Amino acid sequence: MTAVQTATDTILEVSNLKTYIFTRAATVKAVDGISFNLKKGETLGIVGESGCGKTMTALSLLRLVPRPAGRIVEGEIVLNGEDILQKSEDEMRDVRGRQISMILQDPQTSLNPVFTIGNQLREALGIAHKENKSSMLSRAVDALRKVNVAAPERRLDDYPHQMSGGMKQRVVGAIAMSCEPGVIIADEPTTALDVTIQLQYLRLLKEIQAETGLAIIFITHDFGVVARMCDRVAVMYAGRIIEQGEVRDIFSRPAHPYTQALINSVPKLEQSVDRLYSIDGQPPLLSNLPEGCRFAPRCPYASDQCYEEYPSSYQLADGHHADCWALDADWQGTPIEEFVPPTGTAG
Amino acid sequence: MQAYILRRVAQGILAIFVICTVTFALARVSGDPLNVLLPEEASEEQIALIKAEWGLDKPIHMQYLQYLGKLFRGDLGEAIAWPNSTATELIVQRLPNTVKLSALALIVSGVIAFPVGVLVAIKKDTPFDYVGKLFAILGQSAPTFAVGLILMWIFAVQLNFFPTSGSGGVEYIILPALALGYYNVAALMRLTRSSMLEVLDTEYVKLARIKGVPEWKVVWKHCFRNALIVPLTYFGLIGAVLITGSVVIETVFAWPGLGHLVIKAILFRDYVVVQAVVLLFATAFVIINIMVDVLYAYIDPRIRYT
Ligand SMILES: Nc1ncnc2c1ncn2[C@@H]1O[C@H](COP(=O)(O)OP(=O)(O)O)[C@@H](O)[C@H]1O
Ligand code: SF4
Ligand SMILES: [Mg+2]
């Protein structure tokens, strides 16, 4: 396989994915019909406020939605040419870890407290490689070295509570990547870390990606991180992707009012603090979604139509589209320089 | 780890010493031993004689030192209600019976409670789980003697599978062991279930599944050991439950163990034997707790290093 081919091949294709959580009181439509593609070696950002369904999307891709309440009710997830929703639970074990893997949100709790790092790492490696003990050991040491753990030989016998948060996060990364999956999902992997360690970690992920051609789905609520890390971005709101496209396109011409608001809430160096603002109001409950546009109650451009009918998708450029009634040939979103915050909290 | 064990053993020895002192003090404040040793119409000489014989004429601190000295040599004193027997002899005769009964009850409860607790956790909110819950609630609200009597009525009186009481072959021990273990099964099962549910929901279990670890290994490797930590703390209490339970159950089934002995001793107001058995029960309790703590540290590395 040549390098050019790797860069263009689609590795993951998600269409109309719906994942609902059935609680006694209501049906929570955590993921409500999302579609996106991921190419080999590409980084796709998924951005959105907390509670909009990002983690549930990630867990759906691994078919690890919390059971029995959560269920994937519709859609297709085609990974390496096969729809994993058609696979049996036994077949899924060959998919998890080897084809697609995930780095969880909280490194502090992602490692099992009663087993050593070496044990947990060898377990992950053992799933892909049936080998003798000593070659397993050297694989484990290599895996730790790859994520910049100093003196990895000595670290293998440590328990998680003996390590720092940053180190734990890198070990979690090593475990997730130990079977060399083609796709890795990083679910807000740095929210629990301080800023310097965050940057180190993001750089490390990028380095590993450059070496291995890994495709990354990077989940965050921070557009600043998206600008640094991602090639493309999907903006999620209340269980749907409301806008997606190349990072460059979305930053220069954000179309959906929600995307505009999110981008404007990223602190910029030249801006004084009172230019920052957050969006007023709350997203709708996923258990009680409105008929029309889910952003309407918070949107300064909302019309009657917005409340009645869910907006159709509007194509702005190749691969850049957004779900919003206000978009048409005359108005295709606001270039960011002219953008005025739509709500009144700005100074 | 070794330092930790040593520290726990030292604490245990201190605790046992305190227990010796308390049992000694209790025996003195619970009534004048002379009232038990002598008839009411005893003469002054008789009193003096008995006092000298039992060392009661000496000042209290001397009595205490004497008591400790004897204990140190393994001498628990002459039984009052059993002529020509020492408390040590009485205990040595009955101890194996109580140990047998408690050990069997403990094994029964562990073997049933842990797997069933894990199972109902995995099968949460299915009929399986509801039956388990009902069983646990019944088990924890029924008094031990009632469970003993019900088992006796069904399996010994009605079905004639086992003898009603006494001792002899294995057939005698089964009902009392079940009755004694029943309470623990219920409690342990509930604890195992709830801590399994908590552990099943953790991020590290998610990571294990993400790695592609097979589900049975997720449950029995990643969850079980973590989930054991809570029920294990309860094992320290089980010592107490078994001891109080054995007093009741041994009496119900006329099983000749320490519980049976101590009830008799209380009826005969034999403070020497009561004191000796209480001391033994308390010591057993301390030892069980040390063993639990060591096991606890073995299972949870975070305890070892702090
Ligand atoms: N176990 C659950 N039971 C009920 N609702 C849940 C459960 N887990 C998540 N949810 C709901 O699903 C929605 C999406 O959650 P999540 O994917 O974790 O959001 P995000 O990762 O974007 O913050 C949230 O509204 C949340 O309340
Ligand atoms: S569809 Fe209407 S309410 Fe929704 S974002 Fe567009 S303008 Fe606002
Ligand atoms: Mg999340």
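Colleague: Which residue of chain A has a polar backbone atom 2.8 Å from an oxygen atom of ligand 1?

Modeller: Good place to start, and keep in mind that this is a predicted model. A polar contact needs N or O atoms within 3.5 Å. At 2.8 Å from a ligand oxygen, one backbone atom meets that cut-off, and it belongs to A:Met56.

Colleague: How far is a polar backbone atom of A:Gly53 from an oxygen atom of ligand 1?

Modeller: The backbone takes part here too. A backbone N or O atom of A:Cys52 lies 3.3 Å from an oxygen atom of ligand 1. For A:Gly53, the distance from its polar backbone atom to a ligand oxygen is 3.1 Å.

Colleague: What percentage of the accessible area of ligand 1 does the protein cover?

Modeller: Start from the ligand on its own, which has 560 Å² of accessible area.

Colleague: Which element gives the largest share of the shell around ligand 1?

Modeller: The shell holds 13 residues, with A:Lys54 and A:Thr55 among the closest. Two elements of chain A, β2 (27-39) and α2 (54-61), each supply at least two of the shell residues. The largest share is three residues, and it comes from α2(A).

Colleague: How many residues of the shell around ligand 1 are charged?

Modeller: Let's sort the shell by class. Six of its residues are nonpolar and five are polar. The charged residues number two.

Colleague: Now for the two chains. What is the area buried between chain B and chain A?

Modeller: Contacts first: 23 residues of chain B touch 28 residues of chain A. Carbon and sulfur atoms give 62% of the buried area, which comes to about 2500 Å². In chain B, the residues that lose the most area to chain A are B:Leu207, B:Ile210 and B:Lys211, together 29% of what that side buries.

Colleague: Which residue of chain B forms a salt bridge with A:Glu123?

Modeller: Across this interface the rule finds three salt bridges. The one at A:Glu123 has its closest N and O atoms 3.4 Å apart, and its partner is B:Lys221.

Colleague: Which element gives the most to the side of chain B that touches chain A?

Modeller: Three elements of chain B give two or more residues to that side: α9 (203-211), α10 (215-227) and α14 (301-304). With seven residues, the top contributor is α9(B).

Colleague: How many charged residues does the side of chain B that touches chain A have?

Modeller: Sorting by class again, this side has nine nonpolar and three polar residues. Its charged residues number eleven.

Methods
Residues numbered from 1 in each chain as written. Chains lettered and ligands numbered in written order. Predicted model: local features only at pLDDT ≥ 70, side-chain atom pairs only at ≥ 80, totals over all residues. Heavy atoms only, no water. Near = heavy atom within 4 Å. Polar contact = N/O pair within 3.5 Å; in protein donor to acceptor, adjacent residues only side chain to side chain. Areas by Shrake-Rupley, 256 points an atom, 1.4 Å probe, with all protein chains shown as cover. Helix = DSSP H or I, 4+ residues; strand = E, 2+ residues; numbered from the N terminus. Nonpolar A, V, L, I, M, F, W, Y, C, P; charged D, E, K, R; others polar. Contact = heavy atoms within 4.5 Å. Buried area = accessible area lost by both parts, 1.4 Å probe. Salt bridge = Lys/Arg side-chain N within 4 Å of Asp/Glu carboxyl O.
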